[in-house]
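Subject: Structure handover

Hello,

Please find the structure below, with the sequence beside it. My notes on what was found follow.

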Amino acid sequence: MSKRIILASQSPRRKQLLDQLGLQYDVIPSNIEEVMPAVIDSQSSAAQIATELARQKAFAVCQQLQTNNNSKDELIIIAADTIVVLDNKLYSKPTSDTEAKSMLQSLCGKIHQVYTGVAILCFDLATSSIQCLTESENSLVSFRKYSQSEIDAYIASGEPMDKAGAYALQGMGACLVAKIEGCYTNVIGLPMPILVKMLRAVGVKILGE
């Protein structure tokens, strides 16, 4: 039985990271509504929120493929969700320039946490057997102090939109970062060490293993 790998995300950043593994895969984005609280009770629950959203995305794509797929392949669906946390407040994707400005002002000169939840769902279309693995990663990101004019210029570039915390580490947003502790690719949106471990656990060979 062949394995069909699906990336349940239209994020070009996650696609670029997955491309580095040299795997063949299809992109089928999940269209679930990402509902999360504005404030969390503890830092540990941030990982749970990100992981649960990733799990929901994977199952949504699986349901879509069950309906529209007549093959007998084994599906391996990769989903992820990234959130930024500062002082127990969640920073997801800004929906406006005003919201992006508020986020960047709050993060200025401070250390925040970035959580990414990863889900890998394996579904056998022939037998309807299902398995879902989930894990999360956490990194610390220190922002330097920057000016309001820098914030305005960065927002005018358009880059902050559709990015958790209103910045992109792999883009101009790197200019705002003073230090990172932990997994770099986690901050971009897909922690590669965890992903490789999870894919190997479901039988996908990477680097010969």
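Two terms are needed at once. A residue is buried under 20% relative accessible area, exposed over 50%, and partly exposed in between, with a 1.4 Å probe and protein chains only. Helices (H or I, at least four residues) and strands (E, at least two) are DSSP runs, numbered from the N terminus.

This is a predicted model, in which local features need pLDDT of at least 70, side-chain atom pairs count only at pLDDT 80 or more, and totals for chains, interfaces and linings use all residues. Residues are numbered from 1 along each chain as its sequence is written, and side-chain values use heavy atoms, with hydrogens and water left out.

Helix H4 and what follows it

H4 covers residues 148-156, and its buried residues are Ile151, Tyr154 and Ile155. Seen down the helix axis, these fall within an arc of 100°, so they line one face of H4. The arc is taken from the directions from the helix axis to the C-beta atoms. Helix H3 (97-107) is included in what covers the buried residues of H4. Contact here means heavy atoms within 4.5 Å.

Just after H4, glycine 158 has a positive phi of about 85°. Further on, aspartate 162 lies in the loop between H4 and strand E7 (177-181). Its phi is near 65°, a positive value in a residue other than glycine. Aspartate 162 counts as partly exposed, at 44% relative accessibility.

Methionine 172 is also placed in the loop between H4 and E7, and is partly exposed at 45% relative accessibility. Which residues does methionine 172 touch, not counting those up to four places away in sequence? They are Tyr154, Ser157 and Glu159. Methionine 172 and glutamate 159 are 13 residues apart along the chain, and their C-alpha atoms are separated by 7.6 Å.

Alanine 174 lies in the loop between H4 and E7 as well. With a relative accessible area of 35%, alanine 174 is partly exposed. Leaving out residues up to four places away in sequence, alanine 174 touches Ala168 and Leu169.

Another positive phi

Aspartate 87 has a phi near 55°, again positive in a residue other than glycine. The loop that holds aspartate 87 runs between strand E3 (74-86) and strand E4 (89-91). Aspartate 87 is exposed, with a relative accessible area of 67%.

The buried residues in H1 include Arg13, Arg14, Leu17 and Leu18. They cover an arc of only 130° around the axis, which puts them on the same side of H1. The face turned away from that buried side carries the exposed residues Pro12 and Gln16. Strand E1 (3-7), E3, H5 and H6 are included in what covers the buried residues of H1.

The largest pocket holds about 510 Å³ of space. Of the 30 residues that line this pocket, the closest to its centre are Ser11, Arg13, Arg14, Lys93 and Asp162. Helix H1 (12-19), E3 and helix H5 (184-188) are the elements that give two or more residues to the lining. A pocket is found on a 1 Å grid over the protein atoms alone, as an open set of points where a 1.4 Å probe fits, with protein on both sides within 12 Å along at least five of seven lines; lining residues have an atom within 4 Å of a point. Grid points are joined across faces, edges and corners, and the volume is the space filled by probe spheres set on the points.

The nonpolar cores

A nonpolar core is a set of buried Ala, Val, Leu, Ile, Met, Phe, Trp, Tyr and Cys residues joined through side-chain atoms within 4.5 Å. The largest core has 46 residues, of which Leu21, Leu104, Ile120, Phe143, Tyr167, Leu195 and Leu199 touch the most other members. Helix H6 (residues 192-201) gives the most to this core, with 6 residues. A second, separate core of 15 residues includes Ile6, Ala58, Ala119 and Phe123.

Phenylalanine 143 lies in strand E6 (residues 130-143) and is buried, with a relative accessible area of 4%. Among the residues it touches, beyond four places away in sequence, are Leu104, Tyr167 and Val177.

Regards
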